[in-house]
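Subject: Structure handover

Hello,

Here is the structure I promised to pass on. Please open it alongside this note.

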Amino acid sequence: MVVNFLIVGTQKGGTTALARFIAQHPKVFIPSQKELHYFDNKDFFKKYPPNYTIYHDWFQPNENQILLGEATPIYMYWKKAAKRIFLYNPCMKLIFILRNPIDRAYSHYNMEINCNNEYLSFRLALFFELVLRWLFPLKQFRVHSYIDRGYYSKSIKRMMKFFPKEQMLFLRTEDLQANHQSTLKKVFEFLNIPNVEIEQENFFVNEYHSMNESERNLLKIKYHKEIEKLEVMLSWNLNKWKS
């Protein structure tokens, strides 16, 4: 048994919906529990080779399900995940679904508020993240990474140290929402399985708080150069992200 593909990110980019849609394909098995957090958990990698049986226990495909996959969006961001994935399966196919990093950061913040992991205002939470990064420049934070997770080019370059671009598929969140079936067709072509019709669902939820204009402008400044890097790296037109 070997897992063939991963939806590696981004968090709050539509990975839950994408996994749910792909799981409806008769040739694919995705565990019902999303975010297995295997490759970002150091406890599974204290010894080499790791005990992959623990990972494989999540996968119980039927005889027709020839592809195994899962979605854990922190894999894209977590520094040590790329090498661990490569050592597990160097032929792994990686799916990235990317959302405007400004909206992603605020959606992440709202999620942490809802989970009682965050109590600061958005602006103070961003400042606190910057302080943490200054105090601990090599450390990654799962909660206070509102800004840092949006530097997609850095995460993609890290993945490209181990995997060729041919094993990567890059999607935009807005395309999955607005061009549902054509976006899924790209996924199925990437996975080399027949295209099938998948019922569309609305997967965006209302945020608990609204980002004000000054907060949005702050993030526009933060991400302007990053978005331009992505345009070059992925040959995308991202004017809407910059506006």
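Below is what turned up, by topic.

**Ground rules**

This is a predicted model, where local features need pLDDT of at least 70, side-chain atom pairs count only at pLDDT 80 or more, and totals for chains, interfaces and linings use all residues. Residues are numbered from 1 along each chain as its sequence is written, and side-chain values use heavy atoms, with hydrogens and water left out.

**Aromatic rings**

Aromatic pairs come to 24 in this structure. The rule covers rings of Phe, Tyr and Trp (its six-membered ring), which pair if their centres lie within 6.5 Å; planes under 30 degrees apart are stacked, over 60 edge-to-face, and the rest tilted.

Start with Y38 and F39. Their pair is edge-to-face, with 5.1 Å from centre to centre and 90° between the planes. Y38 is buried at 2% relative accessibility. F39 is buried too, at 0%. Here buried means under 20% relative accessible area, exposed means over 50%, and partly exposed is in between (1.4 Å probe, protein chains only).

Then take Y109 and F122. Their ring centres are 5.0 Å apart and their planes meet at 55°, so this pair is tilted. It links distant parts of the chain: Y109 belongs to helix α5 (residues 101–114) and F122 to helix α6 (residues 122–135), 13 residues apart. Both Y109 and F122 are buried. Helices (H or I, at least four residues) and strands (E, at least two) are DSSP runs, numbered from the N terminus.

There is also a cluster. Ring pairs connect F29, Y38, F39, F44, F45, Y48, Y52, Y55, F59, Y75 and Y88.

**Charges over rings**

Two cases are worth a look. The charged end of R142 sits over the ring of W78, 4.3 Å from its centre. The charged end of K93 sits over the ring of F190, at 5.1 Å from the centre. The test is that NZ of Lys or CZ of Arg is within 6 Å of the ring centre and within 35 degrees of the ring normal.

**The second largest pocket**

The lining divides into eight charged, two polar and two nonpolar residues.

**Backbone**

Most residues other than glycine have a negative phi, and most peptide bonds are trans.

- The G9 to T10 peptide bond is cis, with omega near 10°. T10 lies in the loop between β1 (5–9) and α1 (15–23).
- The Y48 to P49 peptide bond is cis as well, with omega near -5°. P49 is in the loop between β2 (28–29) and α2 (53–56).
- E35 has a positive phi, near 60°. E35 is also in the loop between β2 and α2, and is partly exposed at 29% relative accessible area.
- N192 has a positive phi near 60°. N192 sits in the loop between α9 (180–190) and α10 (213–234), and is exposed at 63%.

**Cysteines and two separations**

How many disulfides are there? The count is zero, where a disulfide is a pair of cysteine sulfur atoms within 2.5 Å. C91 is exposed at 57% relative accessible area. C115 is partly exposed at 43%.

M76, in helix α3 (residues 74–77), is buried at 3%. Its C-alpha is 9.7 Å from that of K154, 78 residues apart along the chain. A82, in helix α4 (residues 81–88), is buried at 1%. A82 and F127 are 45 residues apart in sequence and 29 Å apart in space, C-alpha to C-alpha.

Best wishes

Notes
Ala, Val, Leu, Ile, Met, Phe, Trp, Tyr, Cys and Pro count as nonpolar, Asp, Glu, Lys and Arg as charged, and the others, Gly among them, as polar.
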